[in-house]
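The topics are the confidence in one chain and the contacts between chains.

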Amino acid sequence: MFASRARRTRAVVPVALGLSLVLTVAACGGTTQDSSNDDDGGGDGESAAAADPDAEFAPDLSIAMLPKSVNNPYFEASSEGAQAAVDELGGEYEYTGPSDTSASSQVSYINTLSQQSADVILLSANDPNALCSSLEQARSAETYVVTFDSDVDPGCRDVFVSQVDSDEVGRALIEMASEQIGGAGTVAILSATANATNQNAWIAVIEEELASNPDYAEIELVGVVYGDDEDEKSFQETQGLLQANPDLGAIISPTTVGIAAAARYLSGSEFKGQVALTGLGTPNQMREFVKDGTVTEFALWDPTALGELAAYTGAAIASGIITGAEGETFTAGELGEYTVGADGVVTLGPPTRFNADNIDDFDF
Amino acid sequence: MTLLAQPTEPATGRTRTGSTALDLVLRFRALGLVIALAVLVAVTAAVNSRFVGQQSIRDLLLSAAITMLLAVGMTVVVLTRGIDLSVGSVLGLSAYVTADFLQSNAGTPVPVAMLVGLGVGAACGLVNGVVIHVGKVPPLVATLGTLYVFRGIVYFVAGGSRINASDMPPGFLDFGTARFAGIPYLIMVSLVVLVLIGVFLSRYRAGRDMYALGSSPEAARLAGVPAGRRLLTAYVLCGALAGLGGVLHAARYGTVDASAGSGLELSVVAAVVVGGVAIFGGSGTVYGAALGALLLTVISNALPVLSIDQFWQQAIVGALILGAIGLDRFVGLRVAASLRTKDSHVD
Amino acid sequence: MSTETAPDRITATRPASGRLRSGRLIGWDGAIVLVTLVFIAVAAVTVEHFGTSRNAGFLILDLTPVLLLALPMTLIIVTGEIDLSVASMVGLTSSAMGVMWNNGLPLETIMPLCVVIGAVLGAVNGIFVTALGLPSLAVTIGTLALYRGLAYVLLGDTAVADYPRDFTSWTIGNIGASSVPNVLIPLIVVSGIFAAALHATPVGRSVFAAGANPTAAAFAGIPVGRLKFWLYVVSGAVAGLVGVFWTLRYSSARADNAAGLELTVVAAVLLGGVSIFGGKGTLPGVVAGVVLLTSLQNALRLASVSTEALTVVTGSLLIVSVLAPNVVTSARAALARRRARLRMTPTS
């Protein structure tokens, strides 16, 4: 048996290696990470055309929104805003996307949209790099790419519409937590996934504030855990936090899934009212827990306004009003005037805080 | 494969001859699980004593309750040499439909909500059963297909909407967290189902027929077991329990959207296999499966406490499945060998 | 895989299909090739943008991983086993590729290494299934979780994305100025090798024999166990290759790469007319199955049909692909019985 196995090995392994060589053949020897670092960068340069701030919004633009996944209420709300903006401008609007949050499925949808010659794609990206090559292809076919909510590598898109300034979110989060525990005690963070760009930026701001701001000298960050934006996982991580830190003062959860799961857990446990909970959540999900006293105050931006701003930004860039260069300005309907910042970023505004007094004024 | 199945075939009564040795082995199997559980809990508690606190144990059992319920249903199907990969999608569908029903009928008592979920699940199970029995489509293929189809229906029904805690009646949400004599209702529901199905499988003819069908479908048919009816029963039961799981999911998490229960089938199959139910039918108990579900839940709850990187969790589940089927194979061979020497007229 | 009907395999399914083969003009695999061609023709006319060469390029890139994985999967299913861990092996080799790249290894070394890693993972499956004699369904569900878990252990939730543009743009690029993707020729070559191996070599005949009746095959001197072991190794090696392709195509090594792809692969293989009980199937049929499934999804997307419909269609196709031949078989059997009865009546 072993003799013949050896014979087989000779037959199979070269075939397997041959397969890989088919792919390797395109390149010559010795490509390592160090040797290639200089030529990444992705973008094909800023467009040469100059912006015409006085131009009108072009009518009949076809604008498509591609969310991280459909069947997500957050993006449904953004879509409503974008739809309203496109209706206002008299264009054509489509909301499409995969049902799972994987980058590879988004690539297929980007390809489809560029086939359909959409003028603008409003994209919330599942991966900062995996979408780049297909976005480049789409842009070379004269489709403008505006990312919102979650950005890609700046070289692969025209403009990023940021929901909020990271510094402001981070500061608001730690400020709310500090208010709720009386300025002293321990806090822990229940985040989304470990590589979520937004959450990591906010957590960095929180850590910096804790280290440098004298107001927070008596607050200690005891841990960051990741609930992966899944209910069950967020539940378990919350339980883990409470077990590992018996005298925990507050949990900060800068993700809508995490804060809702943590609130649900706290409201049914012996920790209700003992441990403060704040973070980013939607008023509809959190209403129950604000009313029953589990949560005092939390924050979020308005996803509908974010979608609306993204659509106006897309229309502005497709109409030649802006090109994505720093300092250009445009008017986004009722939202008012916006200026493009560094790296082609347009920022919606400061987060809104929700508490028992105002939560019933919002429905999203 | 059938080698594994023969030792516990209860339908014939002939195997009673070797039952003392068998009981020992089977008890050893369950004992192994209990010991693994005890060691894990002890180690974790040594690191953090709060792990065995009242709240923590309640949380553990609550997390296990839903997987346990689905594992019980899955056991019945696996006993007949089947498998049901659609349970996660059925749970999602039932959770959404139930929550949606409660949203528009706020006064609904909890038992009625449970019936709605059971009904949705049973309907899905019936579809599976019909495709498998009448259409002669192998269970793996049929339920892989309905995994997609049922999930597609959830997407269709739910769209991008989510049902929040504030949309559901408070009485129903209380059911998700409230407890009687210190035991949460959800756990009681799972335990009652566990015992009922356990009794059904061991004491009733229809239940014992499931083992017969899984041990040797041909022999069972020749012996007059109504294979079609039994298979339909198994799949409807599995679907109905997944449906009930959906109701518990809605009550526990208070938030239901189209993705509820995605990917759950893997942990349920893992629980069943780890719990000593032979994947090719005829052998195993719901109690083992329930212990399997509990073990998996304890592992995932213990990892954060032990500060083990949570990325290990899935790898551990995979290794456990491989270990469990390997162990079963080993034990099965040993039992077969001991039966041959001990009882010459076993054939 | 259920062996629920396995005991009938020899007594019912095989002779029935043998009878059928002589009695009909075209098998299921022939039918699926026809359906695929008709579908593409109809879609090219009715769905806007479907018939463009650009779309054909996208389509080929989309079907490459599915087709590559479907080739060894076909052989494995024909022998009566299954490999549900393929997508997890893709994810694990992709993660391994990211880690090796981060550690400064040259890509020219990494790519063959990935194929070797895949082969080793496949060998682990093979050992469990053949040497230990465990059911392949349970083993590969176990390794599905294990390999995906190890992928997360290697890379966690991070992504490695800084691959040289030469490589990534070749992967998604076209031959010269044409609109023929670079990957098409290797794809055709590899498919050709598998088709030849299955349909024109002793190895292929052994594969069919092992699936049709393992006992008889063993008595005929076919090393069934060793054959299956090497099929799992090949399956792993191809998964490693797909891991490289996937990483370069999306310029991103991630632990969740290709998650859930095993379902699409199995669906395509069964749609292509391979019997889940083994012993029956053709590679042209499988190629048609892969093309039909991916072009259907592509056409639905272009026609802006919603995601839920895509999900339902994939699942239904999977069931129908097994249900339809069953219904045809039992209808023919009923017909044959009636004819036989009619013939019998006057004589007796």
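The notes below treat confidence before chain contacts.

This is a predicted model, in which local features need pLDDT of at least 70, side-chain atom pairs count only at pLDDT 80 or more, and totals for chains, interfaces and linings use all residues. Residues are numbered from 1 along each chain as its sequence is written, while chains are lettered from A and ligands numbered from 1 in the order in which they are written.

**Confidence in chain B**
- Within chain B, confidence is highest in helix α5 (residues 110–133), at a mean of 95, and lowest in helix α1 (residues 2–5), at 38; helices here are DSSP runs of H or I with at least four residues, numbered from the N terminus.
- Residues 1–18 of chain B have pLDDT below 50, yet this stretch has 44 contacts in the model beyond near neighbours in sequence; two residues are in contact if their C-beta atoms, placed from the backbone, lie within 7 Å.
- Where pLDDT is low, the predicted coordinates should not be read in detail.

**Chain A with chain C**
- In this pairing, 45 residues of chain A are in contact with 49 residues of chain C.
- On the chain A side, α1(A) gives the largest share, ten residues.

**Chain C with chain B**
- Here 41 residues of chain C meet 45 residues of chain B.
- On the chain C side, α6(C) gives the largest share, 13 residues.

Technical notes. pLDDT = per-residue confidence, 0-100. Helix = DSSP H or I, 4+ residues; strand = E, 2+ residues; numbered from the N terminus.
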